Amino acid sequence: MISHQKAILLSCLIIAGFLSLQAGSQSGQKVGAQNDIPKGWPKQAVRAAHGMVVTDEELGSQAGVEILKRGGNAVDAAVATAFALAVVEPAAGNIGGGGFMLIRLADGKTTFLDYRETAPGKATRDMYIGKDGKLDEEASVIGYRSVAVPGTVAGLELALKTYGTMKLAEATAPAIRLAEEGFVVSEKLAAELEEESPGLQTFPTSKRIFLNGGQHFKAGDKLKQPELAATLKRIAEKGASEFYRGETAHLLADEMAKNGGILLLDDLANYKPKVREGLHAKYDSGGHSWEVLAAPPPSSGGVAIIEALNMLKDVPLKGWNDPQSVQMVAETMRRVFADRAAYLADPDYTKIPVAGLTDPCYAKERAATIDPAKVTPSKTVTAGTPHTCGASANPDIVPHLVASRVEGPHTTHFSVVDAAGNAVASTYTLNASYGSHVTCAAGFLLNDEMDDFTTQPGAPNSLYELMQSDANAIAPGHRPLSSMTPTILLRDGKLSFVTGSPGGPTIISVTLLSVLNWMRLGMDAQAAINAPRFHHQWFPDRIRMEAEFPLSMEQALRARGYEVERGWYYTPSLGSEAKLSKHMGLVNAIGIDAQTGDRLGAADPRDQGSAVGY
Ligand code: DON
C-alpha cells in the first residue's frame, strides 16, 4: 500500500493536466492513469483536523462551520447549513421543498430522516392529463399546481430535536443574517438567475425578489430577502408548527387558493416527516472491510447503489480510462435501473422487495446475465426477480408496469463531519432548478416535486426519459419516488466517506461512481470527485459521459456496440440548460484520512462547490 505522502509525491510527478490520482490511498488497489481534468480544478481536498462542511456555496459551508465552532455537532451544523442554503442557493437550497438526511453518529447509531414532499389531498392520478388525453407537460413542472407539500422545515426540526444540541433559534441564525443583511451575488448566481428569468418573471414575487424587479442582478450586487428573513424568524421562534399551521401556512394556503393551486391548509397541518431505517451492506475491498450506509425508499438510490456494488463485487475495475471497466459498470447500471423502474415507489403504499434487491445472491444472478464480451441491448433486459439467499422469490412481488417521467435539473447535496466523528449526508431539493418558480408571499420558492410522480401512467412523458412504474402514480399523501442518495461509508468500522449528489437519475450513477472511486479504486478524496462520470439508465439505451472523457473512449465504447453521448446530451425540451450542462452531478463529499483522521473536504468543482474546515 502506498502511503498518503508517497501518493502526494506521485501525483506531483504526473504530467501537468493529468488527473492527480493517489493510487492505493484507500483500498490498497492500484489503478491506472486516469483521464484529464479541466484546468483550475483542485487536485487536493481541503484538509482539516476537526470539522468539515462541504456544499455548493461557500456561504453555506461557512454557516455550518460557524455552528461547529460554536460547539454544535454535525446535525446542528447540517440544519444550519440547510437553512443557509435556502437563502444563498435559491435554485435548490430550500424550505419550500423536501429531502433526506442520513446521519451516522460517532457512537455508531445510524438513522435516516425522510422529509420528502407528499402529494396534496386533492391530487389525483390524472391531474396533469388534459381532456384530449395528453399530458400537460408544464403543469407538473411550473406554477402552483406543481407544488407538493413541503417537508424540509419539519425534517430539519426533527433532526435538530432528535440528534442536535442546539435550539432552532441558534441553527437558523446564520440563515436569518444572510437573508436580512443580504449577500453578494456571485457571477454563478447572476448567470443562473438570468437563465431562469423566463420562468421566474411569470410570478410577480419571484420577479421582484430574484430578478431585481426586472432589472436583473449583476455579480457584486447584494441580494436581500426580507420576507424570507421574517419567515425564518417566525420558525426560529415558534418552531416548525409555525410553518405548517401558523402565519406561514396561512400565507401559503391563501396564495394557493387564489392561483389555482391544490395545496390546502390541511395538507400542511397533516405533513409528517418520517424516521426510517437506513440500508446497510458489507463489502471487502483492498484488504479492508467496508460498510455502506444508504438511503431506503422512497429513495431509489440506496437500493440501486447496493445492488450495483453487489453486482460489481467480483468484477475487476481498472479505472475510467479502461473501456472494459466502463462497460461492466454501464451494464450493471442498465440492470439496476430496470429493477428501479419496476419495483421502487413509496414504501408506505407499495410492497418493495428491498431485501431481495439488495441481496448478494440475487446480485450474483443478475450479474451472471452480463456477458463481459458483449453489450446487452436494453430492450432485451427486463427487471429481475429479487429474492434473498436460499429463498425463492415472493410470488406477491411482481414488477410493475413501467412508464417514464420528467426530471428537473437542480438539487443540492452537502456533507458534514464534526470533531467527534458524527457525520451527516444530506440531499434536499425543489426538484427542478428554482422548483415551480413560484416564490410565495412568505419569501421562499416552492417545489415542483409533483413531477417526480409518474405523471402519465403507461406513457412516456419525460425530459430525462427515465422509466418508472405505475406504483409511483399520483395519489394523495404519497411521496414521489426519488433518486436522491445520501450515502456514508465505513472502513474497518470507522467513518470513511460521506457522499451524495444532485442530478435526477444521474444521482445514482455519480454517487455510485464516487463510492467506487473511493472504495474500489483507492482514489484520493478530490480525485474521486474530479474523475469523469458516466451514466446508463436502461432507457434510453445509451451511455452518457462527461466531456472530460477522451474521444478514444467514446470510440472504444461505440466499437463495443454502445450508443454514446459524450458531453451533455441535448434534450430539446431542456433548451439552453441542456446545452450548458456538460457535467453530471455535484458531489460534495468528505473523506477521512485513515492514518491521521483528518477530514478531507472534496467539493465538486463542476459548479464551484466549497469545502470549509477547521
Ligand atoms: O428526488 C429526485 O430524484 C429529484 N427530485 C431530484 C431532482 C434533481 O436532482 C435535479 N437536480 N439536479
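The model is a predicted one. The chain has 614 residues, with 21 helices and 21 strands.

**The chain as a whole**

- Of the 614 residues, 65% count as buried.
- The accessible surface of the chain is about 20,900 Å². Carbon and sulfur atoms hold 53% of that surface.
- Take the contacts between residues at least 6 apart in sequence: 73% of them join residues at least 24 apart.

**The ligand and its shell**

- Thr411 places a polar side-chain atom 2.7 Å from an oxygen atom of the ligand.
- Asp452 also uses its side chain: an N or O atom there is 2.5 Å from a nitrogen atom of the ligand.
- Gly503 takes part through its backbone, where a polar atom lies 2.9 Å from a nitrogen atom of the ligand.
- Taken alone, the ligand exposes 340 Å², and the protein buries 98% of that.

**Two cis peptide bonds**

- Most peptide bonds are trans.
- The bond from Pro297 to Pro298 is cis, with omega near 20°. Pro298 sits in the loop between β9 (288-294) and α14 (301-311).
- The bond from Phe539 to Pro540 is also cis, and its omega is near -5°. Look for Pro540 in the loop between β16 (534-535) and β17 (543-545).

**Two residues with positive phi**

- Most residues other than glycine have a negative phi.
- Asn431 is not a glycine, yet its phi is positive, at about 80°. Its place is in the loop between β12 (423-429) and β13 (466-469).
- Is Asn431 buried or exposed? Its relative accessibility is 2%, so Asn431 counts as buried; the cut-off for buried is under 20%.
- Asp492 is not a glycine either, and its phi is positive at about 50°. Asp492 lies in the loop between β14 (487-491) and β15 (494-499).
- How does Asp492 count by accessibility, and why? Its relative accessibility is 42%, so Asp492 counts as partly exposed. That class covers values between the buried limit of 20% and the exposed limit of 50%.

Notes:
Residues are numbered from 1 along each chain as its sequence is written. This is a predicted model: local features need pLDDT of at least 70, side-chain atom pairs count only at pLDDT 80 or more; totals for chains, interfaces and linings use all residues. Side-chain values use heavy atoms; hydrogens and water are left out. Helices (H or I, at least four residues) and strands (E, at least two) are DSSP runs, numbered from the N terminus. Buried means under 20% relative accessible area, exposed over 50%, partly exposed in between (1.4 Å probe, protein chains only). Contact means heavy atoms within 4.5 Å. Accessible areas come from the Shrake-Rupley method with a 1.4 Å probe; for residues, only the protein chains shown count as cover. A polar contact is a pair of N or O atoms within 3.5 Å; within protein, one must be able to donate a hydrogen and the other to accept it, and residues adjacent in sequence count only if both atoms are side-chain atoms.
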